[in-house]
Structures are given as C-alpha cells and as structure tokens.
Amino acid sequence: MMSLPFFGLLAAFGCVFAGRRRAALAFWALSMLALLVLFRLHATDALTIVL
Amino acid sequence: MTASLSRTLNGLGLLALSLVLIAAFADQLLLGELPCPLCLLQRVGFVGCAFGLALNVKFGPRPSHYAVTILSACFGGAVSARQILGHIVPGTGTYGSAVLGLHYYTWALIVFAAIVLGCALMLLLDRQFEGAQAGQGAMTASARPRAATFGLAMLALAAFLALANGVSTVLECGGGLCPDNPVVYELLPGISKPKP
C-alpha cells in the first residue's frame, strides 16, 4: 500500500512521455491523495510539544 | 526569460531532485538504513515535485505546472515538519544518521522550502509563458535537439527513480503499511542488513 503513490507517479510520468497531460495530472492528484491518506494513517502518536 | 531557457532550468531542477532521491537511496543501500514510513512519504513529495518540473520540460512552462510542484512540496514539507516535531524535544530520539549535523527529515524540509522559493521566483518571470497557451510550448525533439534530449533524459531519470522507489517500498513493506521502525525488508528477510 505504501508503494501506491510511487507507482501512481510512475504512471503520471508515463503519461507525460505519451503526451497525455490531463491523464498525467489525474495520476498525480491521486498519488497526492494517497500520500495524504497514508500520512494520516502513520502520524498517529501524540506530539510532546506545546503550541 | 525565454521558454527554452525556462525548460532548461526545469531540466536542471529535475536533475537536482533526482540527486536528492539518489542520495537517499545511497544511504538506504550502502549504510543499510531502511526508510521509515514518513521518510517514504517525503520521497513521494520529492517525486511529485519532479513531476511538476517534468510537465514544464515536456509541455512547456505553465503556472499550473509550477503549482503542481509547489503543492507537492507543501505536502512533503508537512510530512517533514511532522517528523521534526516528533523528535524536536531533546531526549525523544531521532531516526537515521545525521548529515552535516541535520537529520534527513530536517534537510527534506529545507529542500521543500527551497523548492517553493525557487518556483515562486520562476513564476515572477512572465515571458516564459508567452505562447504556451497557444499550444506552442510542447517540446519537439527536432526543434531543439540538445535541450530536448537533456530534458527528456532528466524526465526518464526521474521516472526511473519513481519506479525504483516503488519497487524498494514493496520489498520493504510488502503490500500493507510499513512498520514505524523497519529493520528488515519484509520480502527479503535473508539479505537484510541490520541497522548500525
């Protein structure tokens, strides 16, 4: 699951090579969404700081 | 600044980002320091930044392409900042070894900030965008052979690094989430080198 953003971005690069800009942007957006979801899943421990 | 010069600078940016990813890989493979989950997500941020620059190289410079790079840097920077805050209190430990006194996640935040700054400076130069809306920005190998070859080579390098990171992550974490402090490759337990 952690590798999904990398493969999504690989697909985006493939679309760039193929000249398909909109598809590339769609893959990038999905990859960033996956990044944020995985960030949410992993950043679970409380921070020992006072803001 | 002309679109051609902008494209060359974006190609150089792609090279710089690729070197960052290669350095992280070198640390992983040569020193045996497996990347933590947040470290992997910061690498995703760098690849996302590289993707925005690749759009500029292939399709010509556009503000939206710089926005892709800035957004990716913000997402990656948020992960870096979270990891820094997790270790900011003395005595709460660190992850990985330090380089020039700073850990990788701290360097990552600095580089993400530099990327945002660099994109903002590039966005100040309006002349690079002239002609892009009319579809004149797309790169043709016959028009500028050397610039096209360099840009496409950097694009290929960045794509290869995305693939290499994807494969490495599968080997390290398998099909699920990564452990917080990985010590072995889940799919290669026999050849994993323990962290020093």
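Predicted model: local features only at pLDDT ≥ 70, side-chain atom pairs only at ≥ 80, totals over all residues.
User: How do you know that the span of helix H2 of chain B agrees with 1.5 Å a residue?

Analyst: The helix covers residues 37–59, which is 23 residues. The expected span is 1.5 Å times one less than the number of residues, so the helix should span 33 Å. The end C-alpha atoms are 33 Å apart, and therefore the two values agree.

User: What does the same test give for H1(A)?

Analyst: H1(A) has 14 residues and should span 20 Å. Its end C-alpha atoms are 20 Å apart, which agrees.

User: Is H2(B) mostly covered or mostly exposed?

Analyst: A residue is buried if 20 or more other C-beta atoms lie within 10 Å of its own. In H2(B), 23 of 23 residues are buried, so the helix is mostly covered. For chain B as a whole, buried residues make up 40% of the 196 residues.

User: Which residues of H1(A) are buried?

Analyst: The buried residues of H1(A) are A:Pro5, A:Phe6, A:Gly8, A:Leu9, A:Leu10, A:Ala12, A:Phe13, A:Cys15 and A:Val16.

User: What makes B:Cys36 count as buried?

Analyst: B:Cys36 has 20 C-beta neighbours inside 10 Å. The cut-off is 20 or more, so B:Cys36 counts as buried.

User: Where is B:Cys36, and which residues does B:Cys36 touch?

Analyst: B:Cys36 is in the loop between helix H1 (3–30) and H2 of chain B. Leaving out residues up to four places away in sequence, B:Cys36 touches B:Tyr95, B:Asp180, B:Asn181 and B:Pro182. B:Cys36 and B:Pro179 are 143 residues apart in sequence, while their C-alpha atoms are 7.5 Å apart in space.

User: How many contacts in chain B, as a percentage, join residues at least 24 apart?

Analyst: Of the contacts between residues at least 6 apart in sequence, 76% join residues at least 24 apart. The chain has 5 helices and 2 strands, and along the sequence they follow the pattern α-α-α-β-β-α-α.

User: Why are H2(A) and H2(B) called roughly antiparallel?

Analyst: The two helices pack at an angle of about 165 degrees, with their axes 10 Å apart. Angles over 145 degrees count as roughly antiparallel, and therefore H2(A) and H2(B) are described that way. H2(A) passes H2(B) in a left-handed crossing.

User: Which residues meet where H2(A) packs on H2(B)?

Analyst: The H2(A) side includes A:Trp28, A:Met32, A:Leu35 and A:Phe39. The H2(B) side includes B:Leu41, B:Val44, B:Phe51 and B:Leu55. The residues of this contact divide into 13 nonpolar, 4 polar and 1 charged.

User: What does chain A contribute to its contact with chain B?

Analyst: The contact takes 26 residues from chain A and 38 residues from chain B. Helix H1 (4–17) and helix H2 (21–42) of chain A each supply at least two residues of the side that touches chain B. H2(A) gives the most, with 11 residues. The chain A side divides into 21 nonpolar, 4 polar and 1 charged.

User: Why is H2(B) called roughly antiparallel to H3(B)?

Analyst: H2(B) and helix H3 (residues 63–87) of chain B pack at about 170 degrees, with their axes 8 Å apart. This angle is over 145 degrees, so the pair is roughly antiparallel. Their crossing is left-handed. The contact of H2(B) with H3(B) holds 13 nonpolar, 11 polar and 1 charged.

User: What makes H2(B) roughly parallel to H4(B)?

Analyst: The axes of H2(B) and helix H4 (residues 104–123) of chain B come within 11 Å and cross at roughly 20 degrees. Angles under 35 degrees count as roughly parallel, so H2(B) is roughly parallel to H4(B). The crossing of H2(B) and H4(B) is left-handed. B:Cys39, B:Gln42, B:Gly45 and B:Cys49 in H2(B) meet B:Tyr104, B:Tyr105, B:Ala108, B:Phe112 and B:Ile115 in H4(B). These residues divide into 7 nonpolar, 2 polar and no charged.

Notes. Residues numbered from 1 in each chain as written. Chains lettered and ligands numbered in written order. Contact = placed C-beta atoms within 7 Å. Helix = DSSP H or I, 4+ residues; strand = E, 2+ residues; numbered from the N terminus. Nonpolar A, V, L, I, M, F, W, Y, C, P; charged D, E, K, R; others polar. Buried ≥ 20, exposed ≤ 12 C-beta atoms within 10 Å, placed from the backbone. Axes fitted to C-alpha atoms, helices over the stretch in contact; angles between N-to-C directions. Parallel < 35°, antiparallel > 145°, perpendicular 65-115°, else oblique. Left-handed = near helix turned anticlockwise from the far one by under 90°.
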